[in-house]
Amino acid sequence: QLQPRDGSALAGLFLVLEVGYNILFTAELVVNLYGSWLAPFLSNPWNLFDVVVVVTSVLSLVLKLLPSATAPGGVGVLR
């Protein structure tokens with residue numbers, strides 16, 4: 001795994017891309033939920049998988065951006 005040094009320009013780019021992808025996938029999930037309604041949405045296993053992936057990704061990003069709210073090693077479990 002390639003991780004750029006903290007504070008570098010590449011680390012900033014990675015953060016921007018991560019936030020962008022989280023926004024796009026969350027928006028896609030909301031549109032899918034709205035278009036399918038709740039019962040049909042929850043009956044599809046792929047939609048449930050998407051929910052798990054998006055929630056995990058958003059939670060990981062929130063924990064990364066709020067380091068004072070994390071226990072040591074807490075974010076590593078989510079990655």
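Lys-64 and Glu-18 form a salt bridge, with 2.5 Å between the closest N and O atoms. The pair ties together distant parts of the chain: Lys-64 sits in helix 3, Glu-18 in helix 1, and 46 residues separate them. This is a predicted model. The structure holds 1 salt bridge.

**Overall fold**

- The protein has 4 helices and 0 strands.
- Read from the N terminus, its elements run α-α-α-α.
- The protein has 79 residues, and 14% of them count as buried.

**Around the salt bridge**

- Lys-64 is partly exposed, at 32% relative accessible area.
- Glu-18 also counts as partly exposed, with a relative accessibility of 22%.
- The cut-off for buried is under 20%, so Glu-18, at 22%, does not count as buried.
- Leu-61 belongs to helix 3.
- Leu-61 is buried, because its relative accessible area is 10% and the limit for buried is under 20%.
- Leu-61 and Glu-18 lie 43 residues apart in sequence. In space, their C-alpha atoms are 7.9 Å apart.

**Second largest pocket**

- The second largest pocket holds about 220 Å³ of space.
- Its lining includes Glu-18, the salt-bridge partner of Lys-64.
- Other lining residues include Leu-17, Tyr-21, Asn-22, Phe-25, Thr-26 and Glu-28.
- Asp-50, Val-53, Val-54 and Ser-57 are also part of the lining.
- Helix 1 and helix 3 (45-65) each supply at least two of the lining residues.
- Helix 1 gives the largest share of the lining, 7 residues.
- By type, the lining divides into 5 nonpolar, 3 polar and 3 charged residues.

**Nonpolar surface patch**

- Leu-10, Leu-13, Phe-14, Leu-17, Tyr-21, Leu-24 and Phe-25 form a nonpolar patch on the surface.
- Together these residues have about 690 Å² of accessible area.
- Phe-14, one of the patch residues, is found in helix 1 (residues 9-36).
- Phe-14 is partly exposed, with a relative accessible area of 34%.

**Trp-37 in the loop**

- Trp-37 lies in the loop between helix 1 and helix 2 (38-43).
- Its phi is positive, about 70°, although Trp-37 is not a glycine.
- Trp-37 is exposed, because its relative accessible area is 57% and exposed means over 50%.

Technical notes: Residues numbered from 1 in each chain as written. Predicted model: local features only at pLDDT ≥ 70, side-chain atom pairs only at ≥ 80, totals over all residues. Heavy atoms only, no water. Patch = residues over 30% accessible without salt bridge, like charges linked within 9 Å, V, L, I, M, F, W, Y side chains within 5 Å. Areas by Shrake-Rupley, 256 points an atom, 1.4 Å probe, with all protein chains shown as cover. Salt bridge = Lys/Arg side-chain N within 4 Å of Asp/Glu carboxyl O. Buried < 20%, exposed > 50% of the residue type's maximum accessible area, 1.4 Å probe, protein only. 1 Å grid on protein atoms, 1.4 Å probe; cavity = no way out; pocket = protein on both sides within 12 Å on 5 of 7 lines; lining within 4 Å. Points joined across faces, edges and corners; volume = space filled by probe spheres on them. Nonpolar A, V, L, I, M, F, W, Y, C, P; charged D, E, K, R; others polar.
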